[in-house]
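Trainee: I would like to learn how to read a few local features in a protein model. Could you walk me through some of them?

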Amino acid sequence: MRRPLGPLGVLAAVAGLAACSPSADQPPAGAAGAVPEVTAPANGAAPAQTGKPAPRSTPESDDCRVSVARPGISALRIRTSATRRDCVHPALLRIRVKRAVPGDDPVVKSGATRKGQIALQLPCEPGTYYAVATDYRGGTTTSKAVRLTCVTPTPTPRETKAPPAPEKKATVTSVGTALENEVVRLTNAERAKGGCDPLKHDARLSRAALGHSADMARNDYFDHDSQDGRDMVDRMRATGFTGSAWAENIAMGQRSAAEVVRSWMNSDGHRQNIMNCSYTLIGVGAAKDSQGQIYWTQDFAAR
């Protein structure tokens with residue numbers, strides 16, 4: 001699936017729409033959770049009396065309630081859930097994810113359970129979504145509507161100990177393309193505003209960054225983890241690089257170095273990586289897919 005373009009992958013903003021109202025929806029005949037029909041004997045005779053009092057049904061707890069989470073973004077997927085709490089009797093719990101559009105709002109994903117809790121996830125597509133949970137013993141709850149547009153979360157930099165083996169110095173006359181070096185220049189200009197020293201464009205980090213951008217462009221995915229299971233540290237170490245701290249920014253669809261650096265600076269997590277004065281080295285990789293869309297990667301490290 002081609003992911004939608006945007007300044008940075010996944011952003012989420014809450015629209016001011018909210019609704020929570022009861023519903024008289026009942027399940028279709030024969031559906032799980034429906035009340036069974038009682039049929040008299042075929043000869044019309046009344047049921048035999050046993051002399052025992054008829055069993056009395058236990059009323060549903062006054063505390064029984066249904067809650068539903070508004071849709072959110074995690075790992076480039078839309079996720080939501082619904083729960084029945086403090087209920088005496090089991091009942092079918094159904095959740096539906098709807099997309100707000102002119103006219104009738106379509107259901108884009110649904111599911112049901114009798115276990116009291118259910119979660120749904122679906123691929124991220126931009127739009128306004130809300131979730132509806134229906135308890136077939138009692139009513140319907142609707143979440144707030146959320147406007148979603150699809151970028152990647154930035155991983156928290158992690159500290160690692162450098163391997164004891166000494167690193168061999170690489171002899172490099174130039175690092176990166178003109179486009180990639182413009183990203184480095186603009187990144188260092190932003191760091192200077194915060195009092196950070198400029199980052200040096202490192203050849204090994206550059207190879208790791210370009211390799212990840214090219215892999216995402218070639219295989220049509222967008223994630224910090226490669227499809228073969230490697231993470232950013234694995235990719236950096238595979239080039240022979242060693243260091244004591246690591247971080248990574250990625251982006252997709254921006255058309256210029258200025259546009260991608262501006263997008264990163266407008267995102268809290270990405271900006272924290274750029275403005276972290278403890279990093280001393282950077283690698284930048286930019287690669288186009290078959291449609292000309294650019295995938296961007298920044299790898300940061302200290303040594």
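Trainee: Leaving aside neighbours within four places in sequence, which residues is Gly72 in contact with?

Mentor: This is a predicted model, and in it Gly72 touches Arg77, Ile78 and Arg79 once those sequence neighbours are set aside. Gly72 itself is found in strand β3, which covers residues 72-74.

Trainee: Let's turn to disulfides. How many disulfides does a search of the whole structure find?

Mentor: The general idea comes first: a disulfide is a covalent bond between the sulfur atoms of two cysteines. Searching the whole structure here gives 2 disulfides. In one of them, Cys64 pairs with Cys87, and their sulfur atoms are 2.0 Å apart. That pair links distant parts of the chain, 23 residues apart: Cys64 sits in the loop between β1 and β2, and Cys87 in the loop between β4 and β5.

Trainee: Why is the disulfide of Cys64 and Cys87 called right-handed?

Mentor: Look at the torsion about the S-S bond: for Cys64 and Cys87 it is about 75 degrees, so the disulfide is right-handed. As for accessibility, Cys87 counts as partly exposed at 22%.

Trainee: And what does the disulfide that joins Cys196 to Cys277 look like?

Mentor: Its S to S distance is 1.8 Å. The torsion of Cys196 and Cys277 is about -70 degrees, so this disulfide is left-handed. Cys196 lies in the loop between α1 and β12 and Cys277 in the loop between α5 and β14, so the pair ties together parts 81 residues apart in sequence. Cys196 counts as buried, at 6% relative accessibility, whereas Cys277 is partly exposed at 43%.

Trainee: Now backbone angles, please. What is the phi of Asp86?

Mentor: As background, most residues other than glycine have a negative phi. The phi of Asp86 is near 55 degrees, a positive value in a residue other than glycine. Asp86 lies in the loop between β4 and β5 and is partly exposed, at 46% relative accessibility.

Trainee: Where does Asp220 lie, and what is its phi?

Mentor: Asp220 is in the loop between α2 and α3. Although Asp220 is not a glycine, it has a positive phi of about 60 degrees. With a relative accessible area of 26%, Asp220 is partly exposed.

Definitions and conventions:
Residues are numbered from 1 along each chain as its sequence is written. This is a predicted model: local features need pLDDT of at least 70, side-chain atom pairs count only at pLDDT 80 or more; totals for chains, interfaces and linings use all residues. Side-chain values use heavy atoms; hydrogens and water are left out. A disulfide is a pair of cysteine sulfur atoms within 2.5 Å. Helices (H or I, at least four residues) and strands (E, at least two) are DSSP runs, numbered from the N terminus. Buried means under 20% relative accessible area, exposed over 50%, partly exposed in between (1.4 Å probe, protein chains only). Contact means heavy atoms within 4.5 Å.
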